[in-house]
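Visitor: I would like to go through this model with you, beginning with a single residue. Could you take my questions as they come?

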Amino acid sequence: GFCMDKRNSTIESKLSANGKTLLEKRYLLRDKEGRIAEKPGELFRRVAKAIARVDSRYGYSAEITEDNFYQIMADLEFLPNSPTLMNAGTDLGQLSACFVLPVEDSLKSIFKSLQDMSLIHQSGGGTGFSFSNLRPKGDPVRSTEGVASGPLSFMTIFDKATDVIKQGGRRRGANMGVLRVDHPDIIEFIEAKENEDMLHNFNLSVGVTDEFMEAVSQKGDYALVNPRTGKVKERLKARDVFDRILNCAWQTGDPGLLFLDEINRRHPMSAIGTIESTNPCGEVPLLPYESCNLGSINLARMVKEGAIDWEKLKETTRTGVHFLDNVIDANKYPLPEIGQRTKQNRKIGLGVMGFAAMLARLGIPYDCREGIETAEKVMKFIREESVKKSVELGEQRGSFPDFHRSALAKDYPAMRNATVNTVAPTGSLSIIANTTSGIEPMFALTYSRNVMGTRLTEIDPVFEEIARKHGFYSSQLMEEIASTGSLQNSPNIPEKTRRIFATALEIEPQCHVRMQAAFQKHVDNAVAKTVNLPHEATVEDFREIYTLAYRLKCKGIAAYRYGSKAEQVLEIGETG
Ligand code: CDP
């Protein structure tokens, strides 16, 4: 009817051209002939309906819930992860972005995981694996009286399979590969990407322990242990191994680090198992066969008259937690094991996007004390409200089944979810919501795009909005900054404004890490962040960043030097 059409047109007016194109290319349902069969408003309605319906199972009316879910999505205040937008209310119905699969030391286990991976990728999810339990290269294999080929050679099979599957899907499969620093094949793992043809569909992380990091700082050595026999194979100087990690990261962007002890210390389910891996972008540490669904609040839309709208942030947080908890029940799991494990702990990951845009609207530079304080204040608030809502849901619908075995049982009367918060990269979501991704600073204020053979300069929407509002927008200025995407060489712009619009590569590397750590303090899963460095950054810069991340109790760290990788696992902004 009229009302519906009117709503649809307001949604269309909120979407940017890029957001619309992205929705059309990958998200909107298609008919059998491949023609687009829904409008953006209808997509949000489909998702809201499918997720709200769960309420009736618990004896609540789904109608009001559906409207609330619809409204926060249509207003671009909250979006669930891509698989939920794509698959909710469809036959496929797989709604999670993040999975971890086990890889045990047998051909049967390895090839089962390979098959499971392919099913997950086909449905839009990403997979993480620890390969640490595989016997090293050259180790005896009893059944064939031959020798094992080691984790790396198996990883290349997972990589190839990912290549083949991506051709069918709407997005390419992404993987995380983890190897513990004390695995005998660790050097080969660290240096794997020096060969440019290797492991394109993997992010690599070395799983490091406190003991190793301690040995690095003490200039001590540590043992490589064969996971099959438990025997020490040799001892290496920790500092040498760390140097190799830094060198390769400098050269290629991989490997990052996962701080396994910090991850497990803070995992409320440590009585149940040890975490060895995360999902592809590092923001969700998971036990084998767990999955997690994510959602992100658009902080840029939580600003009213130059201040944070706490009431709105509270309501959006509560609705977001409700939404994500429902997703666990609405989900169609790609494997029975995953359905079972996921429902046991009911982990969800509510996070944020548009953080830099919010700061810009508040007039706060990203790289200053106030920026970090704002990060902590906002995330602490979201955490508290998320936990409250999860406790309420626990009281109404029952705690997650393993609640009494979790560390949460001593602090809370009930809890619906073993984890509630995550900061995701929001690579695609932030394009749909027309804001800055995750907690990253703006990458550039202007960028050029090739549109049917013509180079067009585009201006970051938040920058344009604020430039107009503060009266320094002019086509001359935009032309001036078109080639650099930066305000730093524009003398007529006030110093404070220049700082507010400092872009990723202009921000001190340390500051990126401090921002990540500020969010991590109040996030029970983990925080996706790339420390973006200029091309001139040195190996010593990497040392500083990786060491600082450990000291500040991050759960992992990844840094990327501009131009050091031809192709990245996640293609951000590829919408043209
Ligand atoms: O914005 P969007 O929901 O598409 O995803 P994101 O926040 O950039 O990434 C969140 C998670 O989705 C990643 O950590 C992966 O687990 C998964 N992902 C994937 O499997 N394949 C991709 N091409 C992108 C993301």
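**A walk through the model**

Guide: F403 is found in the loop between α16 and α17. Helices here are DSSP runs of H or I with at least four residues, strands are runs of E with at least two, and both are numbered from the N terminus. Please note that this is a predicted model: local features need pLDDT of at least 70, side-chain atom pairs count only at pLDDT 80 or more, and totals for chains, interfaces and linings use all residues. Residues are numbered from 1 along each chain as its sequence is written.

Visitor: Is F403 buried or exposed?

Guide: F403 counts as buried because it has 22 C-beta neighbours inside 10 Å. The term buried applies if 20 or more other C-beta atoms lie within 10 Å of a residue's own, exposed if 12 or fewer, and partly exposed in between, with C-beta atoms placed from the backbone.

Visitor: Which residues does F403 touch, leaving out those up to four places away in sequence?

Guide: F403 touches L408, A409 and M415. Contact is taken as C-beta atoms, placed from the backbone, within 7 Å.

Visitor: What about R405?

Guide: R405 is also placed in the loop between α16 and α17 (429-432). R405 counts as partly exposed, because 16 C-beta neighbours lie inside 10 Å. Residues up to four places away in sequence aside, R405 touches A271 and I272. Its C-alpha atom is separated by 43 Å from that of L22, 383 residues apart along the chain.

Visitor: And R369, where is that?

Guide: R369 is found in helix α16 (residues 369-397). R369 is exposed, because there are 10 other C-beta atoms within 10 Å.

Visitor: Let us change topic to α14. Which of its residues are buried?

Guide: In helix α14 (residues 336-345) the buried residues are I338, R341, T342 and N345. Seen down the axis of α14, they fall within an arc of 100°, so they line one face of the helix. The arc is that of the directions from the helix axis to the C-beta atoms.

Visitor: What covers that side, and what sits on the face turned away from it?

Guide: The cover over the buried residues of α14 includes β2 (98-101), β13 (291-298) and α13 (310-330). The face turned away carries the exposed residues P336 and Q340. Just after α14, R346 takes a positive phi of about 50°.

Visitor: Which other backbone features deserve a look?

Guide: As background, most residues other than glycine have a negative phi, and most peptide bonds are trans. Here, Y289 has a positive phi near 75°, and Y289 lies in the loop between β12 (285-286) and β13. Y289 counts as buried because 20 C-beta neighbours lie inside 10 Å. T426, not a glycine, has a positive phi of about 50°. T426 is in the loop between α16 and α17 and counts as buried, with 30 C-beta neighbours inside 10 Å.

Visitor: Which peptide bond is cis?

Guide: The bond from D254 to P255 is cis, with omega near 0°. P255 is placed in the loop between α11 (238-252) and β10 (256-259).

Visitor: How is the chain divided?

Guide: The division is into domain 1 (2-91 + 294-429), domain 2 (98-278) and domain 3 (444-502). These bounds come from an automatic or database domain assignment. The centres of domain 2 and domain 3, taken over C-alpha atoms, are separated by 42 Å.

Visitor: Which domains contribute to the shell around the ligand?

Guide: At least three residues come from each of domain 1 and domain 2. The ligand has 20 residues around it, of which A97, G126, C281, G427 and S428 come nearest. A residue is near if its C-beta atom, placed from the backbone, lies within 6 Å of the molecule. By class, the shell has 9 nonpolar, 8 polar and 3 charged residues. Ala, Val, Leu, Ile, Met, Phe, Trp, Tyr, Cys and Pro count as nonpolar, Asp, Glu, Lys and Arg as charged, and the others, Gly among them, as polar.

Visitor: Finally, how many residues does the largest nonpolar core have?

Guide: The largest nonpolar core has 151 residues, and V47, I51, M73, V208, L299 and F519 are those with the most contacts inside it. Such a core is a set of buried Ala, Val, Leu, Ile, Met, Phe, Trp, Tyr and Cys residues joined through C-beta atoms within 7 Å. Neighbours within four places in sequence aside, V208 is in contact with V181, M213, L257, L258, F259 and L260.

Notes:
Contact = placed C-beta atoms within 7 Å.
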